[in-house]
Every structure is written in C-alpha cells, then in structure tokens.
Amino acid sequence: MTVDQTKTPLFTALKEHAARNPVQFHIPGHKKGVGMDPEFREFIGDNALSIDLINIAPLDDLHQPTGVIEQSQQLAAEAFGADHTFFSVQGTSGAIMTMILTVCSQGDKIIVPRNVHKSVMSAIIFAGAKPVFLKPVRDENLGIDHGVTTSSVRRALERHPDAKAVLVINPTYYGVCANLQEIVDIVHSYNIPVLVDEAHGVLVHFSDKLPMSAMQAGADMAATSVHKLGGSMTQSSVLNIRGNRVNVRRAKTIISMLTTTSTSYILLASLDCARRNLALNGSSMAERAIELAGYARTEINRMAGLECFGEDILGTEATFDYDPTKVNIHVRHLGITGYDAENWLREHYNIEVELSDMYNILCLVTPGDTRDNIDTLLTALRQLSDENYNVRTANELVIKIPKIPQLTLTPRDAFYGDTETIPFKESADRIIAEFIYVYPPGIPILLPGEVISQDLIDYITEHIEVGLPVKGPEDRSIEYVKVIVETPAIF
C-alpha cells in the first residue's frame, strides 16, 4: 500500500468541521472564542479557536483512534520508519515515561545513562524499577557530558543480563552520538529492547547528512520530539515503535493512562502537518539548517576566545557522530561563564539561547532560522569577544564533577518513604528523597535514594552562587532538603 504523505487527515477534518460551523453544546466552554477573555481571543485569533475542539465522533479520539487520528498516526509511522507511531500531547516526557512503563514493572532492572532527563527517573519511580547507571563520557575540554559508550553497555549487560531494557540518548542535547547501530546490535543479542530518548533528534531521520535515527538503527522504541526541532507546537511529540520485542497494546494502554482525556486538537493538528512537512521537505529543511550552522561555526571559530566544536570532536567511542545544527559555543577563554554570556546576549542583543552552563552556551539552528538571525548572533558574539578577550583572565577548566552518588534505596522507596526536612548544607551522608537538577537540560545531580556527599553539596552550592538554574526540591531556594528519616542506633 502506498502512503500519500501530502495528506493531513486530521488537520483537513478539523478545517472542514470548523467550516460547517456546528452549534456546539460541548467543551471547551469558550465555544470558538465567544466565551473567552476578549484580549486573548483577539491575539490568538478565531482560526485557532475554531479548531480548539475535542474528541467528538467526526474528529476521532486519540485514546482509541479509528478514524482521522489513526490515519495520521499511520502516515507518521511510515514517515519515521516505525511500525507504530503514537501522538503525544504530553510532550516527549510523556512518550519517555510510556516507553519505560511499558517494559518495566516493580523491581525490574533498567540500564540507563546517569545523565538522563528527569522524565526517565520519574517513570522509574512510578514503575518501582531499579536503575543500573551507565556513566556518560565527560568531555575534559568542554566540561560537558557526551553519551555512553558501546563498551559500557556491553559491560552492563554482562553484569545484568536480566535487565528489562537499555535506554540511550541519541543525540545528546549537544548533538553528539555514540555508535547507536552497534549498541542496538549488542543489546538485541541479549534479546532485550532498546529505548531511545530522541528528544533532540527529529531531523536526523530525514537527512543522510545527519546521524542515524533510532528507527534506522533498529531500536525498539523512540520518544522523538517533533516540537523541539521539527516544526510542531510545543508539547507535541511522537512515540515510535518497531519490531516485536515490545508489546504494542501495552504501550497503547500506558500512553492512554498518562494522557489527558481532553487532548488538544491544535497540538495534534500541528503534529499532523509537521509530519507532512518533514516527509516531503525534511531533507531540504535539514540541509538549510546544516548550511546555516556551518556558516555560524566557521565564523565563530575565527573569533578570539570562542570555540565551537565540529568534526574535530569525532573519533572516540562516545563521539561517533554529531549533529552540526547544535552550535555549542565554549566561552571559557573570555574569562566569563556561559551564564554571563547568556545574560549579556539577552541584555545587549535581545538574543535568547537554548542553555548555558559554566563554560558554554548552546544555540540551536533549525529550519526556522535565516541568514539574518545567524548574522545577528555573529555580530553579538564578535562584540562579546572584543569586550572580554585578553581583558579578563581566562578561567581554568575545572571539572569538579562529583562521583556518581551511591544509590542505596530504589528511587520509588525513597520518594514515598518517611522523610524529614533538614538544612542542605548539613545533609552530607543522608539519603535524599527528592530531585535536584539543572534545567535546562533537566539532568538530575541527585535522585531520590542517593546518598548526598559533601562534594555534591559544594558542587550544587557553587552552581547556585554562579546563578545557574538549579531546580527540583520543594524548597526553591535549596536551603533545605528532604531526606529519609534515619532510625538512630540504640546503645
């Protein structure tokens, strides 16, 4: 059966339904904007509000699709090289949780990198699973983490052949990939499914100038973020499944359990159309973004005190391939932090970057960029370089990443355990019962069930003092932290 990728079954049905202008006695209560705050209505526009609909019969139901949503998901499966694709209106986080809850039950082991997104850890808590952590490879020149290596996956499987799944990130937030094909083949030799967090890799499937996609590598499930780089609206994503290692019916049940019953048809329609655009134009869209990013990278590398890695990073197990559209700018040689650079760009040029850390800022170049955007960024960076290079003392690259903490309770037992709140600075050697993470990228520094070390207290305090966005605990100022109540020894 040939599939016609020019069609958008759901979006077309929505437009036709809106054009019939039915009298609505159903939610949403604003009824095409009439019952809504006028200023918001005027700003958003009546077109959008006319398709802000719900699962009435003509428009199908995401929870049990048999009509236009099912057709749209089938087109998406074909576009992404999957056997089954499910639309997610709970973002990629919802798709990631679905993957883990589909394959893991109480007490099951799952092999995951330690630098996973917090949605992975949330799912591990919900499932009551036991994470077996892989240590990501630290880049000593840039101060960032890459992915996990093939050899670390192999060692983990030798020790834990009873694991229910292996989760890998492809590509990382910074666009770096390990040898996914090799990892998939090793994991499959144990007949264990591979789950891929592909939040930052929607374009890779549509261009042979980008790394291999999860589905191309033969992975079993991938949570692929269409809204991040593929042109759909924020919070819309897809879950791709292939092969027979994963129970598709169970995945369907789980994603439904995690999803609101009032699914946004605006988000779903944007996925339908983004899929069409990617299927028809994905290759040229990627090409344009790669070209603009290449131009930016070349120019930035000519600026005093700025570095932007490219193909020079390749050649190790953890850096098998990379996505050139992720432009990571290393600012350490200017004697400033990435956080300083982010604030300076905002104040002086009205530029917002994707993230900053101690030494870097990350700029994403997408099919939505133009030469003008890039030139604005380059002008700003030239001025940043002129104002700081050889004026300030360049910081030494101090990689004080504390050791991965010891996990002494399963994350679920810690999260639901008896807790007390104590001052964070006095919490060394206690077991934490909440998350502490830096967002973006949303990677936990401490997870429920891990032992807090003095090193970690110093590391987190330093991040807070530099102004980096440390989040997670119930106490937003991170002066206090929830720990497991310890029963004192009886003498």
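Axes here are lines fitted to C-alpha atoms, for helices over the stretch in contact, and angles run from 0 to 180 degrees between N-to-C directions. The model is predicted, so that local features need pLDDT of at least 70 and side-chain atom pairs count only at pLDDT 80 or more, while totals for chains, interfaces and linings use all residues. Residues are numbered from 1 along each chain as its sequence is written, and side-chain values use heavy atoms, with hydrogens and water left out.

Q: Why are α1 and α11 called oblique to each other?
A: Helix α1 (residues 9-20) and helix α11 (residues 265-301) pack at an angle of about 130°, with their axes 7 Å apart. Angles under 35 degrees count as roughly parallel, over 145 as roughly antiparallel, 65 to 115 as roughly perpendicular and the rest as oblique, and α1 and α11 are therefore oblique.

Q: Which residues of α1 and α11 meet?
A: With contact taken as heavy atoms within 4.5 Å, Pro9, Leu10, Phe11 and Leu14 in α1 meet Tyr265, Leu268, Ala269, Asp272, Cys273 and Arg275 in α11. These residues divide into 8 nonpolar, no polar and 2 charged, where Ala, Val, Leu, Ile, Met, Phe, Trp, Tyr, Cys and Pro count as nonpolar, Asp, Glu, Lys and Arg as charged, and the others, Gly among them, as polar.

Q: Why does serine 72 count as buried?
A: Buried means under 20% relative accessible area, exposed over 50% and partly exposed in between, with a 1.4 Å probe and protein chains only; serine 72 has 0% relative accessibility and therefore counts as buried. Serine 72 lies in helix α4 (residues 68-80) and, leaving aside its neighbours within four places in sequence, is in contact with Pro9, Leu10, Phe87 and Asp272.

Q: Why are α11 and α13 called roughly parallel to each other?
A: Helix α11 and helix α13 (residues 371-388) pack at an angle of about 15°, with their axes 10 Å apart, and by their angle they are therefore roughly parallel. The contact involves Leu292, Tyr295, Ala296, Glu299 and Ile300 of α11 and Arg371, Ile374, Asp375, Leu378, Leu381 and Arg382 of α13, and by class it has 7 nonpolar, no polar and 4 charged residues.

Q: What makes β1 and β3 edge strands?
A: Two strands pair if DSSP finds at least two bridges between them. The open sheet has 7 strands in the order β1-β10-β9-β8-β6-β2-β3, with mixed pairing, and β1 (84-88) and β3 (130-134) each pair on one side only.

How values were computed
Helices (H or I, at least four residues) and strands (E, at least two) are DSSP runs, numbered from the N terminus.
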